[in-house]
Amino acid sequence: MGKRLYSLIMFLFVAFLGGLLSAGLIVPVAGIASTAGTSMASSLDQLPAELETPPQPERSRLLTADGKVLAYFYDENRVYVPLDKISPLMRQAQIAIEDQRFYEHGALDLRGTLRALVSTSQGNTQGASTLTQQYVRLVLLENAEEISDEAQKKVAKDAATENTLGRKVRELRYAIAIEEKFSKDEILERYLNMSYYGDGAYGVEAAAKHYFNTSAAKLTLAQSAMLAGLVRNPVTTNPVKHPQAGISRRNDVLTRMYTLGEITASQLEEAKAEPFDASKVKQSLSGCANSKYPFVCDYAYKTLLKMPALGDNSEERENLVKRGGLTIQTLIDPAAQDKAQSVISNYIDARDPVISVITMLQPGTGLIKAMAQSRPVMGINKDAKGKDQWKGETYYNYAATADMGGAEGFQAGSTFKIFTAAAALDEGLGSYDKIKIDYEHNYQGETFRNCDGPFVQLGKWPVTGGRGQVGRFDMWAGVKHSMNNYFARLIQRVGICPVVKMAAKLGLKSADGQDLVKAYSSIPSFTLGVAGISPLSLTEAYATFAARGIRCDPIILKSITNRDGQDVPVPSANCQRVISEDLADAINAIFQGPYNGGTATAARVWGVKMAGKTGTVPDNKAIWTMGYTPDLAAAAMISYDSGPNSIKFWKARGTRYLRGVYLKYSKRTLYGASGQEAGGRLLKPAFAAALADIDQKHQFVDPPRDILVGEKVDVPSCSGMSVSGCKARLLNAGFTPVEEKQYSDYPVGALIGTSASGGSATKASTITLYVSKGPEPLPPTPTPTPGGPTTPGATPRTPRPGG
């Protein structure tokens with residue numbers, strides 16, 4: 001009792017000098033009482049709740065569809081394991097070097113702690129904290145890391161590490177309370193899982209994996225001693241960066257274990273002789289830049305940061321993702337992803353000034369099957385020490401919209417014609433009406449309709465088609481051969497507003513987040529793909545047709561479970577019907593044309609009935625091929641790179657862009673052929689590989705005839721009217737009048753009649769006005785040949801010379 005009384009007096013003296021008597025008075029009494037087997041409840045009353053069951057930060061895992069790890073997210077690389085999954089040698093080593101009497105004393109080793117307090121009061125910082133006290137400090141530091149406000153975080157971290165008697169007293173009080181709350185084994189388990197072992201490894205499981213590529217349960221004596229020695233100073237004794245210091249510290253631990261009788265002399269000698277094998281060091285890097293599919297990973301990560309189920313704001317969500325030990329299951333198919341990436345990488349080199357993308361979705365579910373690009377290495381601008389450093393190929397996920405990591409987007413050319421066709425069929429215009437088109441036409445001064453009504457196209461809009469695209473064509477021909485002027489006339493008939501609304505309804509989004517309807521409802525060239533969109537967004541729209549009118553948001557997450565095994569709700573694909581099955585079936589039938597002798601023939605997978613469309617942006621700035629079946633929808637595109645590092649190259653080429661451009665690193669020449677290059681070389685092999693993994697395949701459904709024929713409406717009579725009057729009446733009724741001159745007994749220029757002889761026609765269709773060009777002239781009277789026959793039609797005979 002004499003020694004205990006002396007210790008108590010010394011402690012009170014030190015606490016008084018430090019101005020902490022009121023805070024620490026409880027501690028020695030409770031501490032001494034704990035050594036005698038009693039406790040004081042008053043000390044527990046001030047124990048912070050987080051010290052009772054601290055949520056130790058644990059890394060989250062992002063998995064592909066087959067369960068393989070795609071990436072880890074963490075602030076601290078930690079995998080929590082129970083004590084029975086930690087090698088007994090590791091437990092012994094840690095106790096031997098940090099607190100050899102851990103299982104013998106209470107919350108504090110009284111002699112060592114009082115010695116440290118006296119020394120600290122004299123200005124000489126000294127250790128001797130028990131393992132429980134160290135655990136308290138670790139918890140307080142972790143709690144500080146949870147604080148989002150940086151200033152408050154610094155205050156909390158300073159309070160947890162300051163070299164003052166106040167901090168020592170708080171640690172002692174909390175340590176006593178913890179020992180009352182938990183068993184020694186529970187405290188040791190928490191300590192081993194929370195301690196930092198250097199090189200980014202938190203907790204013994206992550207450390208075992210990092211330094212030795214093993215688990216905590218399988219650690220050997222030498223490995224256990226090395227990890228135990230790291231806790232005191234994980235920087236200077238790191239065996240990766242400081243091999244000699246690391247080995248020396250390990251040997252100190254082994255010697256201590258031998259001194260304590262934990263190991264034999266032969267075990268000591270054998271363990272000290274074991275070298276550190278640096279080849280087994282396994283880096284476990286956090287984040288998407290280190291992932292096999294960095295932009296797929298980044299898309300998933302950005303999705304997580306938008307999930308209300310993970311927090312009220314992005315900071316809370318990020319904190320949970322990096323510290324919450326989540327298991328995040330994606331739907332990405334590694335086989336489809338690998339094939340899409342290899343197809344692009346084998347065709348387009350990342351160093352060339354072009355960008356290529358392949359995206360694939362599962363119709364009816366929104367499942368992202370693949371998302372590959374020609375620059376697959378994600379750029380980072382900070383090294384491990386936080387210094388500026390460029391490494392990688394791009395920051396952008398070129399498949400996505402800007403809010404999900406994408407760039408400014410790409411025009412998609414004639415792939416937009418599908419929206420005009422769908423709007424026309426939806427408005428009842430049918431597919432068989434033949435529209436008269438020219439090879440080239442400027443629509444300046446002509447009338448179009450936006451969401452507010454008719455307007456005149458003031459600026460020039462010259463549209464050029466193929467040389468053979470002159471005459472009258474229906475929708476089937478216009479789609480199959482991608483006739484630009486057919487669709488210019490069609491959007492003029494149906495109105496721009498219904499076309500843009502149809503595109504938005506199907507899932508098309510502007511890459512920069514603009515409202516499509518507000519931005520493009522007065523731009524007739526929308527039908528030719530002038531909007532900047534993301535490949536994934538366009539694939540979503542085409543997938544809606546493939547799913548017979550069911551639109552689904554692209555989704556990448558299948559499930560999330562937290563560290564306790566509880567499910568966390570993931571974003572729904574929000575699948576809903578946006579167009580009728582009949583309309584989707586009609587589009588699917590008509591848009592098989594490009595794959596059957598049309599512009600996308602080179603992209604057709606043998607034996608597969610496909611639908612879709614090609615697209616070429618003016619001046620060949622980009623080429624596209626869209627393809628789909630009821631089971632898969634895909635986009636493949638190649639575009640010039642408009643970024644600052646490439647713009648000089650393209651300026652030197654003038655307006656030729658992809659047409660005839662030689663790619664130095666890809667070692668090939670592009671010709672700007674959408675069907676052959678974007679389709680045949682990219683989409684076709686990737687599509688075929690993805691389809692091969694689908695066991696049960698479905699077929700398109702034939703559409704009803706009614707939607708293809710269109711809605712029949714009454715045609716106003718033009719009886720007794722002039723040609724100009726009839727035109728005006730038909731235009732006012734929504735029809736498109738065209739003139740066809742015929743010989744008749746009517747005066748020249750008079751209206752003979754119209755093609756709507758039955759009084760009805762398809763809505764907004766072409767009505768032919770038959771206009772007289774007067775009586776048919778009589779055939780000319782043949783002129784008789786002198787001396788020849790006079791019988792009409794007889795052939796005069798030529799006399800033979802010299803006969």
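Which cysteine forms a disulfide with Cys552? Cys552 is bonded to Cys575, and the two sulfur atoms are 2.0 Å apart. The model is a predicted one, in which local features need pLDDT of at least 70 and side-chain atom pairs count only at pLDDT 80 or more, while totals for chains, interfaces and linings use all residues. Residues are numbered from 1 along each chain as its sequence is written, and side-chain values use heavy atoms, with hydrogens and water left out.

A disulfide is taken here as a pair of cysteine sulfur atoms within 2.5 Å. By this criterion, a search of the whole structure finds 4 disulfides. When the bonded cysteines of the protein chain are numbered in sequence order, the pairing is 1-2, 3-4, 5-6, 7-8.

In the disulfide of Cys552 and Cys575, the torsion about the S-S bond is about 120°, so this disulfide is right-handed. Cys552 lies in the loop between strand S14 (550-551) and strand S15 (557-561), and Cys575 in the loop between strand S16 (567-568) and strand S17 (576-577), so the pair ties together parts that are 23 residues apart in sequence. Strands (E, at least two residues) and helices (H or I, at least four) are DSSP runs, numbered from the N terminus. Burial is assigned from relative accessible area, with buried meaning under 20%, exposed over 50% and partly exposed in between (1.4 Å probe, protein chains only). Cys552 is buried, with a relative accessible area of 6%, whereas Cys575 is partly exposed, at 37%.

Two further disulfides can be described in the same terms. Cys288 and Cys297 form a disulfide with sulfur atoms 2.1 Å apart. The S-S torsion of Cys288 and Cys297 is about -70°, so the disulfide is left-handed. Cys288 and Cys297 are both buried. Cys718 is bonded to Cys726, with 2.1 Å between the sulfur atoms. Here the torsion about the S-S bond is about 80°, so the disulfide of Cys718 and Cys726 is right-handed. Cys718 and Cys726 are both buried.

Helix packing was examined for two pairs. Axes are lines fitted to C-alpha atoms, for helices over the stretch in contact, and angles run from 0 to 180 degrees between N-to-C directions. Angles under 35 degrees count as roughly parallel, over 145 as roughly antiparallel, 65 to 115 as roughly perpendicular and the rest as oblique. The axes of helix H6 (residues 88-98) and helix H13 (residues 221-230) come within 8 Å and cross at roughly 40°. H6 and H13 are therefore oblique to each other. The residues of the contact of H6 with H13 comprise 8 nonpolar, 2 polar and 1 charged. In this classification Ala, Val, Leu, Ile, Met, Phe, Trp, Tyr, Cys and Pro count as nonpolar, Asp, Glu, Lys and Arg as charged, and the others, Gly among them, as polar.

Helix H8 (residues 131-145) and helix H10 (residues 165-181) pack at an angle of about 105°, and their axes are 8 Å apart. This makes H8 roughly perpendicular to H10. Residues Thr132, Gln133, Tyr135, Val136, Arg137 and Leu140 of H8 meet Arg167, Glu171, Leu172, Tyr174, Ala175, Ile178 and Glu179 of H10. The contact of H8 with H10 has 7 nonpolar, 2 polar and 4 charged residues. Helix H11 (residues 184-194) is mostly covered, with 9 of its 11 residues buried. Among the buried residues of H11 are Lys184, Glu189 and Arg190, as well as Ile187 and Leu188.

Several loop residues were also examined. Asp66 is placed in the loop between strand S1 (60-63) and strand S2 (69-73) and is partly exposed, with a relative accessible area of 42%. Asp66 and Pro334 are 268 residues apart in sequence, but 7.5 Å apart in space from C-alpha to C-alpha. Tyr657, a residue other than glycine, has a positive phi near 45°. Tyr657 is found in the loop between helix H26 (647-651) and strand S21 (661-663) and counts as buried at 13% relative accessibility. Lys667 also has a positive phi, of about 60°, although it is not a glycine. Lys667 lies in the loop between S21 and strand S22 (668-670) and is exposed, with a relative accessible area of 68%.

Terms used
Contact means heavy atoms within 4.5 Å.
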